[in-house]
Amino acid sequence: MKNMYSRRDSLKLSLLAGLGLSLQPSYAFFNPKDKVLTRPIPKSGEALPVVGLGTWQTFDVGNSVEKRKLLTEVLTQLHGFGGSVIDSSPMYGSSEKVVGDLAGQLDFQKQLFYATKVWTSGKQAGIRQMVTSFKKMGVNTMDLMQIHNLVDWKTHVKTLKDWKAQGKIHYWGITHYVDSSHESLERIIAAERPDFVQFNYSIIARHAEKSLFQTAHKYEVATLINQPYGGGSLFGAVRGKNLPGWAKEWDIHSWGQFFLKFILSNPHVGCVIPGTSKPHHMIDNMGAGLGRIPNRETREKMASYIKSL
């Protein structure tokens, strides 16, 4: 078996014939009955699958029948491997509504973990936006409501704490996507004690290891990881390159799994949320939550290998 896999042509883990959504694919590297690893949400102990799904750009497809069909299969593969977390935002165009429309047609709709964000200024504007998100995503109670990129966070924190107390949301959190925001996230964590914090982290962007992970752990805040592929730049860096031979010792069968397993090897990571609109990429992503997770020595070996390319 070759050691190199690419997302373009080597992830042929059995695309469904004609995208027949009722068929179950055969998997090249793992048992389709296996379920991804879970880790507990610190504040509640609820088990959360370690690989989820981001929807930025990928689910902003409007009413396209063809694209919605593909995304339905993406959701089916997420659930099939025991995944549940779907992260969206009103910033992401039609993504919230597409998630709601498609999930509403699936028999596992209520088994999904719905996360979205408030992305506006002002108390009433925030409330209106969040109520709209509930409707678009087809839920009466949102699993996780986050303050997107800390926009007017002091105002929204009060609303989210009230809504959690009223049972309108199960958890609340804060998000950002750049290293320069990490100190602000830490200060808010210490002062407000959110349930979740979402931020950027990857094998080539490790600033969060400086103190953000430790702060989240100290205050029992679950972590969601965005930009796990460095905005896609990581795949460009390894194009035409072989996986190291030792990768298979950790059940790594693609570069995507290599990057995700590095992230998951950090014990303070709760869930990573790569975005995709392709069913075979969803399968590959979920594979990162199966099998052996690299130890501390191996994760540094992985990072060194990428630097050497």
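Arg299 lies over the face of Phe262, 4.4 Å from the ring centre; a charge is taken to sit over a ring if NZ of Lys or CZ of Arg is within 6 Å of the ring centre and within 35 degrees of the ring normal. The model is predicted, with local features requiring pLDDT of at least 70 and side-chain atom pairs counting only at pLDDT 80 or more, while totals for chains, interfaces and linings use all residues. Residues are numbered from 1 along each chain as its sequence is written, and side-chain values use heavy atoms, without hydrogens and water.

Arg299 is among the buried residues of helix 10, together with Thr298, Met302, Ala303 and Ile306 (buried, under 20% relative accessible area; exposed, over 50%; partly exposed in between; 1.4 Å probe, protein chains only). Helices (H or I, at least four residues) and strands (E, at least two) are DSSP runs, numbered from the N terminus. Seen down the axis of helix 10, the buried residues fall within an arc of 145 degrees, so they line one face; the arc is that of the directions from the helix axis to the C-beta atoms. These residues pack against helix 8 (255-264), contact meaning heavy atoms within 4.5 Å. On the other side, Arg296, Glu297, Lys307 and Ser308 are exposed.

The whole structure contains 16 aromatic pairs (rings of Phe, Tyr and Trp, the last by its six-membered ring, with centres within 6.5 Å; planes under 30 degrees apart are stacked, over 60 edge-to-face, the rest tilted). Phe113 and Phe196 form a tilted pair, at 6.2 Å centre to centre and 50 degrees between the planes. This pair joins strand 5 to strand 8, across 83 residues.
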